[in-house]
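Welcome, and thanks for taking a look at this structure. Below is a short tour, topic by topic, to read alongside the picture.

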Amino acid sequence: MSNILDAFKEKQTEERVYNGPKIKVGIIGCGWIAEAHANSFMKCEDVEIVALADIIPGKAEAFAKKCGIEGAKYYNSDRELIDNEKDIDAVTICTYNRQHAPCAIYALEHGVHVLLEKPMCVTLDEAVEICKAEKKSGKILSIGFQPRFDENMKMVKKICESGVLGKIYYIQTGGGRRMGIPTPFGTSFIQEDTAGLGALGDIGCYSLDMVLNAIGYPKPLTVTGFKAGLFGKKPEYLQKPEYTEVFGVDDFAAAYIRLENDIVLDFRIAWAMHCDTPGDTIIMGTEGGLRIPSTECWNGSIGGPMTIYHNIAGECVETVIPECENTEDNFDKKIRSFVDAIEFNLPTPVPSSQIIYNQAIIDGIARSSDLGREIEIEIPEI
Ligand SMILES: NC(=O)c1ccc[n+]([C@@H]2O[C@H](COP(=O)([O-])OP(=O)(O)OC[C@H]3O[C@@H](n4cnc5c(N)ncnc54)[C@H](O)[C@@H]3O)[C@@H](O)[C@H]2O)c1
């Protein structure tokens with residue numbers, strides 16, 4: 001019995017002690033999510049936030065004051081920060097999606113470790129350029145998927161890896177909200193020139209990561225995708241009616257993706273819809289099936305206890321997996337894991353070698369939708 005339970009236990013990590021100088025960090029993009037980054041970095045005694053940048057004049061300074069960051073320098077762009085802060089160790093990139101690639105590439109080219117918010121970027125071409133810059137620099141690039149640190153997400157992965165599901169051949173995933181187009185602090189999520197992607201990039205990347213990470217990120221081969229902006233022109237779906245004038249991204253996407261190892265992935269995501277859910281996440285294998293109750297797909301966890309469906313001695317049996325408790329904040333863990341990777345030269349917490357597949361699927365869905373047919377996913381050698 002203990003052997004079976006051991007399969008689900010996490011390996012103990014050894015205690016590490018860091019005696020080096022404080023890690024000097026810069027924040028690029030001082031908007032909504034930057035506050036969570038600042039708060040988590042400030043909890044690390046071995047980190048100093050030395051610089052902040054935002055292209056809106058005065059925003060970086062006002063942000064620092066609001067967050068209680070003292071002694072930092074302020075800049076009007078990512079480049080100005082990188083060019084002036086010669087001994088900075090790392091930056092965290094909290095800009096809107098369209099600025100992810102240029103900021104990450106510039107920082108890596110200047111020998112700076114990068115924590116890059118999700119989604120990795122907008123297109124696959126951009127992701128390839130980021131990966132090339134990372135490889136050339138030898139620096140750490142981690143992508144900001146804090147649900148990776150959620151205990152329930154870890155359990156999904158442990159279940160898949162334990163072998164209890166047998167050979168996995170079909171996955172259905174996604175999520176959605178009835179009225180959840182994100183415009184709480186302005187329009188950067190809904191404008192084409194800032195976000196580039198709507199629901200597909202914003203929350204689609206999370207549900208893809210949940211299942212792809214669980215099964216070891218197999219390579220995507222083909223995709224038939226659809227995306228559309230169906231609700232963003234309706235004033236009642238946005239914080240302010242005038243936002244309809246700038247809405248230019250998708251609020252719904254669906255796709256059928258073939259992965260290597262004979263696995264198919266059925267995906268749908270919505271910022272708005274006339275339904276409570278577009279379906280639970282289901283991972284089907286030859287020995288068992290896992291149902292993960294859906295959430296609104298923004299908090300990176302599960303919507304209730306998971307169930308494994310299997311057959312024991314010829315009988316259909318269900319095993320309910322109780323929800324796991326998170327004792328630490330997942331955002332704090334995302335930041336801490338990045339700092340630890342720098343200090344102790346550890347493997348990158350959320351590596352680009354995996355997330356490039358996530359981005360390739362997102363890019364494939366967008367391109368297939370534009371072309372109106374299935375496309376092959378081709379990822380060049382990095
Ligand atoms: N991990 C999470 O839970 C989470 C949550 C929300 C948002 N995000 C991601 O974080 C990113 C930012 O989202 P947000 O809601 O904070 O957006 P936001 O629009 O509130 O903030 C982005 C800021 O970046 C600044 N900026 C843009 N280009 C810049 C540049 N080159 N140099 C310096 N500053 C620049 C903008 O002026 C703006 O102030 C998005 O990619 C989003 O997907 C992640």
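A residue counts as buried if 20 or more other C-beta atoms lie within 10 Å of its own, and as exposed if 12 or fewer do. Please keep in mind that this is a predicted model.

- Contact between the domains involves 19 residues of domain 1 and 23 residues of domain 2.
- On the side of domain 1 that touches domain 2, two or more residues each come from α6 (124–137) and α10 (330–344).
- Helix α10 gives the largest share of that side, with three residues.
- Sorted by class, the side of domain 1 that touches domain 2 holds ten nonpolar, four polar and five charged residues.

**Around the ligand**

- Which residues come nearest to the ligand? Among the 27 residues around the ligand, these are Gly29, Gly31, Trp32, Glu117 and Ser188.
- Both domains take part, as domain 1 and domain 2 each supply at least three residues to the shell around the ligand.
- That shell is made up of twelve nonpolar, nine polar and six charged residues.

**Helix α5, a largely enclosed helix**

- Helix α5 spans residues 100–109, and eight of its ten residues are buried, so the rest of the structure largely encloses this helix.
- The buried residues of α5 are His100, Ala101, Cys103, Ala104, Ile105, Tyr106, Ala107 and Leu108.
- What covers these buried residues includes the strands β1 (23–28), β4 (90–93), β5 and β6 (141–144), along with the helices α4 (78–84) and α6.
- Just after α5 comes Gly111, with a positive phi of about 75°.

- Buried or exposed: how do Ala60, Phe63, Ala64 and Cys67 of helix α3 (residues 59–67) count? These four residues are buried.
- Looking down the axis of α3, the buried residues fall within an arc of 100°, so they line one face of the helix.
- Lys65 and Lys66, on the other side of α3, are exposed.
- The partners that the buried residues of α3 pack against are α2 (34–42), β2 (47–53) and β3 (73–75).
- Following α3 is Gly68, which has a positive phi near 75°.

**Helices α7 and α9, a packed pair**

- Two packed helices are described by the angle between their axes and the distance between the axes.
- For helix α7 (residues 151–162) and helix α9 (residues 204–214), the angle is about 35° and the axes are 8 Å apart.
- From α7, Met153, Val156, Lys157 and Cys160 meet Met210, Asn213 and Ala214 in α9.
- The residues of this contact include five nonpolar, one polar and one charged.
- How many of the eleven residues of α9 are buried? The count is eleven of eleven, and the helix is mostly covered.
- Those buried residues of α9 include Gly204, Tyr206, Leu208 and Val211.
- Just after α9, Gly216 has a positive phi of about 85°.

**Backbone details to look for**

- Most residues other than glycine have a negative phi, and most peptide bonds are trans.
- The peptide bond from Lys118 to Pro119, however, is cis, with omega near -15°. Pro119 sits in the loop between β5 (113–117) and α6.
- Asn261 is a residue other than glycine with a positive phi, near 65°. This residue belongs to the loop between β9 (252–259) and β10 (263–270). Asn261 is exposed, as 12 other C-beta atoms lie within 10 Å.
- Ala313, also a residue other than glycine, has a positive phi near 50°. You can find Ala313 in the loop between β13 (306–312) and β14 (315–321). Ala313 counts as exposed because it has 5 C-beta neighbours inside 10 Å.

Notes
Residues are numbered from 1 along each chain as its sequence is written. This is a predicted model: local features need pLDDT of at least 70, side-chain atom pairs count only at pLDDT 80 or more; totals for chains, interfaces and linings use all residues. Two residues are in contact if their C-beta atoms, placed from the backbone, lie within 7 Å. Ala, Val, Leu, Ile, Met, Phe, Trp, Tyr, Cys and Pro count as nonpolar, Asp, Glu, Lys and Arg as charged, and the others, Gly among them, as polar. A residue is near a molecule or strand if its C-beta atom, placed from the backbone, lies within 6 Å of it. Domain bounds come from an automatic or database domain assignment. Axes are lines fitted to C-alpha atoms, for helices over the stretch in contact, and angles run from 0 to 180 degrees between N-to-C directions. The arc is that of the directions from the helix axis to the C-beta atoms.
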